[in-house]
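The sequence and structure come first.

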Amino acid sequence: MSAPEQSRMRERLVGMLTSGGILILLIVVTAAVTAYIQPRFLNHLNIINVLRNAAILSIVSLGQMLVIIVGGFDLSVGVIVAFASVETAFLMGLLLTWLPDFPVLAVILAIMLAVASGALIGMANGIFVSLFGLSPFMVTLAMSSVVAGVTFYFTKGIPIYGIPDFFLTGVGRGQMFGVPVVAVIGVAFVALVALMQRFTSLGRHVYAIGSNINAARLSGVNATWLLIGVYAASGATAAITGILLTARIGSGQSTLGETLALESIAAAVVGGVSLMGGTGRAERVMLGALFLALVSNSMNLIRIDSKFQTLVLGVVLIAAVCIELLYGARRRHG
């Protein structure tokens with residue numbers, strides 16, 4: 001085989017690996033192999049469990065995706081999940097005592113306040129990054145320490161109960177035509193972000209900032225406020241993830257979301273989001289989240305040690321980063 005032919009074959013291989021098609025193929029192969037090894041995989045309850053986990057990971061990964069597209073990282077999403085969980089459970093209990101005749105209103109108010117809190121934390125991240133020019137890595141890492149400290153100080157590590165049953169059965173454990181309500185919510189969020197990316201000037205501006213922030217500013221894009229908005233969106237999606245997890249487990253816990261920062265970055269990168277910024281699609285991030293949820297479920301069914309599962313997640317992330325770097329190098333060299 002000649003050198004040009006080898007080069008074209010290598011480019012086609014890299015293109016396949018970075019396309020959504022290969023991700024769908026990986027999902028199908030992983031599901032088929034797991035079903036062959038462990039028939040319990042095809043159990044209805046297990047499929048429901050996989051869809052719930054994938055939906056929850058998809059939502060937090062959407063915010064992470066937007067931050068990575070503009071050239072940053074958000075390591076604080078995990079602690080925002082825990083903060084929102086504790087806040088939601090506490091506020092629901094408090095508001096239900098104030099509004100005993102209006103339980104739905106109490107739940108809605110608690111959810112709105114938790115989402116607003118997550119957005120404010122994300123906004124603080126964005127202000128430090130965009131206005132003060134600090135490193136996103138250091139800012140979000142420091143914010144993680146602050147928020148985790150507040151959450152643990154408030155709860156002392158003790159779960160908070162008192163969530164109304166209709167919220168648990170209707171949202172966290174509910175189903176709609178056989179599909180988990182959480183999965184429906186996850187797909188709705190993915191569709192919303194995908195439409196924003198494809199058909200709005202906001203989506204184009206986010207890509208423009210990630211590709212070249214100076215050029216975007218010269219083109220009239222308000223990069224400062226848009227960066228703050230992207231980090232606020234990441235905080236809000238993390239808070240929504242915390243609320244959904246709370247609805248699923250039935251209590252507010254300060255330990256929720258411990259691994260979600262790494263998992264959300266992994267889902268985004270596996271889904272084709274470039275660590276160099278400027279590239280990424282919501283629907284492919286959803287596939288990345290589904291793949292990771294599937295791998296995790298498969299390892300649980302096969303009874304692989306949890307420590308080894310963390311190792312596998314790291315290997316998947318490294319492989320995805322290597323493929324992304326190869327693809328990025330190919331794009332830079334035409």
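At what angle do helix α3 and helix α13 pack, and how far apart are their axes?

## Basis

This is a predicted model, in which local features need pLDDT of at least 70 and side-chain atom pairs count only at pLDDT 80 or more, while totals for chains, interfaces and linings use all residues. Residues are numbered from 1 along each chain as its sequence is written, and side-chain values use heavy atoms, with hydrogens and water left out.

## Helices α3 and α13

Helix α3 (residues 44-69) and helix α13 (residues 282-301) pack at an angle of about 135°, and their axes are 8 Å apart. Axes are lines fitted to C-alpha atoms, for helices over the stretch in contact, and angles run from 0 to 180 degrees between N-to-C directions. Helices (H or I, at least four residues) are DSSP runs numbered from the N terminus. The angle makes α3 oblique to α13; angles under 35 degrees count as roughly parallel, over 145 as roughly antiparallel, 65 to 115 as roughly perpendicular and the rest as oblique.

On the α3 side the contact (heavy atoms within 4.5 Å) includes Asn53, Leu57 and Met65, and on the α13 side Val285, Ala289 and Leu301 are among the residues. By class, this contact has 14 nonpolar, six polar and no charged residues. Ala, Val, Leu, Ile, Met, Phe, Trp, Tyr, Cys and Pro count as nonpolar, Asp, Glu, Lys and Arg as charged, and the others, Gly among them, as polar.

## Other helix pairs

Helix α5 (residues 103-130) packs on helix α6 (residues 136-155) at about 145°, with the axes 9 Å apart. Ile121, Ala124, Asn125, Phe128 and Val129 of α5 meet Pro136, Val139, Thr140, Met143 and Val147 of α6. These residues divide into eight nonpolar, two polar and no charged.

Between helix α8 (residues 181-199) and helix α9 (residues 201-211) the angle is about 80° and the axes are 5 Å apart. The two are therefore roughly perpendicular. Met196, Gln197 and Phe199 in α8 meet α9 residues including Leu202, Arg204 and Tyr207. The contact of α8 with α9 has four nonpolar, three polar and one charged residues.

## Largest pocket

The largest pocket has a volume of about 810 Å³. Its lining has 28 residues, with Asn53, Thr259, Leu260, Glu263 and Ser296 nearest the centre. A pocket is an open set of points on a 1 Å grid over the protein atoms alone, where a 1.4 Å probe fits, with protein on both sides within 12 Å along at least five of seven lines; lining residues have an atom within 4 Å of a point. The volume is the space filled by probe spheres set on the points.

Helix α13 gives the largest share of the lining, seven residues. By class, the lining has 14 nonpolar, 11 polar and three charged residues.
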